[in-house]
Amino acid sequence: MAKGKILQKPFSRKNRIQLLVIDKAVSILVLALVGLSAPDLVVIASFFLAIPYLLITKRKMLLNHLGIAAVVALGWMLIAKKQYGYNQVFLVVAGINLFPLFSFAIGLFLVYLIYSHYEHLFREKGYVKMLLLFSAFYIPLLLGVETLAYHVFNIRNLSTAVYAGIPLCDCIHAPPWMQISYLLLGPLYFSICYVLKLENLHN
């Protein structure tokens, strides 16, 4: 047997389809629980439960993507932590509200998790098209989740409530720089993963 690192083989088409269904179901479950239970505890638990979930589904390499999502979320919260103050009581540590911190961390990762099933279709077409594909998942999902959180789950950021929301969805009530940042966090996260050449098993 040749010496060296043994790489795990990519998943079969059948396994990819099964995992895609499971990943979508898990994402929907997390979103539903946010509306049914304590939102901050749900997103915190979801983030940490993602670790055994990836190990059980034999996608250990995606732990790197989960870690990068956490770093991006923390970086954002260090910049904008004073902009968060909700109509519900959420856990706060060192001045950082844990609800948006872990919402961004698990949210970015779940978008990548869904995207990863389709990346192989665009991988040979270069960074720009892969970024556009990721953004095609990220932006609608971001706006959809923000709309549900605001209008259905009644999770409202009182610190920025005086600002108008994004037209049509009436969500992300925040100053323009924050609205733009929300839209750019996903592409930034993807770009960091791309530059670091993080891989997934669907290539």
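**Close-up views of a predicted model**

View 1. Search the whole structure and you get zero disulfides. Keep in mind that this is a predicted model. As a reminder, a disulfide is a covalent bond between the sulfur atoms of two cysteines. Cysteine 169 is buried, at 16% relative accessible area. Cysteine 171 is buried too, and its relative accessible area comes out at 0%.

**View 2. Helix 4 from end to end.** Helix 4 runs over residues 98–115, so that's 18 residues. From its first C-alpha to its last it reaches 25 Å, close to the 26 Å expected at 1.5 Å a residue. How much of helix 4 is buried? The count is 16 of the 18 residues, so the rest of the structure largely encloses this helix. At the N-terminal end, asparagine 97 does the capping. One of its side-chain oxygens sits 3.0 Å from the backbone nitrogen of phenylalanine 99.

View 3. Phenylalanine 104 belongs to helix 4, and at 9% relative accessibility it counts as buried. Phenylalanine 109 is also found in helix 4; its relative accessibility is 1%, so it counts as buried. Phenylalanine 109 and histidine 65 are 44 residues apart along the chain, with 6.7 Å separating their C-alpha atoms. Phenylalanine 104 and leucine 158 are 54 residues apart in sequence, and their C-alpha atoms are 18 Å apart in space.

**View 4. Helix 4 against helix 5.** Two packed helices are described by the angle between their axes and the distance between the axes. Here helix 4 packs with helix 5 (residues 127–151) at an angle of about 130 degrees, and the axes are 10 Å apart. That angle makes helix 4 oblique to helix 5. Which hand does the crossing have? Helix 4 passes helix 5 in a right-handed crossing.

**View 5. Threonine 57 in its loop.** Threonine 57 sits in the loop between helix 2 (39–56) and helix 3 (63–80). Is threonine 57 buried or exposed? With a relative accessible area of 14%, it falls under the 20% cut-off and therefore counts as buried. A polar atom of the threonine 57 side chain lies 2.8 Å from the backbone oxygen of tyrosine 53. A polar contact of 3.1 Å also joins the side chains of threonine 57 and arginine 59.

**View 6. Alanine 94 and its positive phi.** Alanine 94 has a positive phi of about 55 degrees, although it isn't a glycine. Where is alanine 94? Look in the loop between strand 1 (92–93) and strand 2 (96–97). Its relative accessible area is 66%, which is over 50%, so alanine 94 counts as exposed.

**View 7. Isoleucine 172, another residue with a positive phi.** Isoleucine 172 is not a glycine either, yet its phi is positive, at about 55 degrees. This residue lies in the loop between helix 5 and helix 6 (176–195). Buried or exposed, then, for isoleucine 172? Its relative accessible area is 5%, so isoleucine 172 is buried, whereas alanine 94 from the previous view is exposed.

Methods. Residues are numbered from 1 along each chain as its sequence is written. This is a predicted model: local features need pLDDT of at least 70, side-chain atom pairs count only at pLDDT 80 or more; totals for chains, interfaces and linings use all residues. Side-chain values use heavy atoms; hydrogens and water are left out. A disulfide is a pair of cysteine sulfur atoms within 2.5 Å. Buried means under 20% relative accessible area, exposed over 50%, partly exposed in between (1.4 Å probe, protein chains only). Helices (H or I, at least four residues) and strands (E, at least two) are DSSP runs, numbered from the N terminus. The expected span of a helix is 1.5 Å times one less than its number of residues. A polar contact is a pair of N or O atoms within 3.5 Å; within protein, one must be able to donate a hydrogen and the other to accept it, and residues adjacent in sequence count only if both atoms are side-chain atoms. Axes are lines fitted to C-alpha atoms, for helices over the stretch in contact, and angles run from 0 to 180 degrees between N-to-C directions. Angles under 35 degrees count as roughly parallel, over 145 as roughly antiparallel, 65 to 115 as roughly perpendicular and the rest as oblique. A crossing is left-handed if the near helix is turned anticlockwise from the far one by less than a right angle, and right-handed if clockwise.
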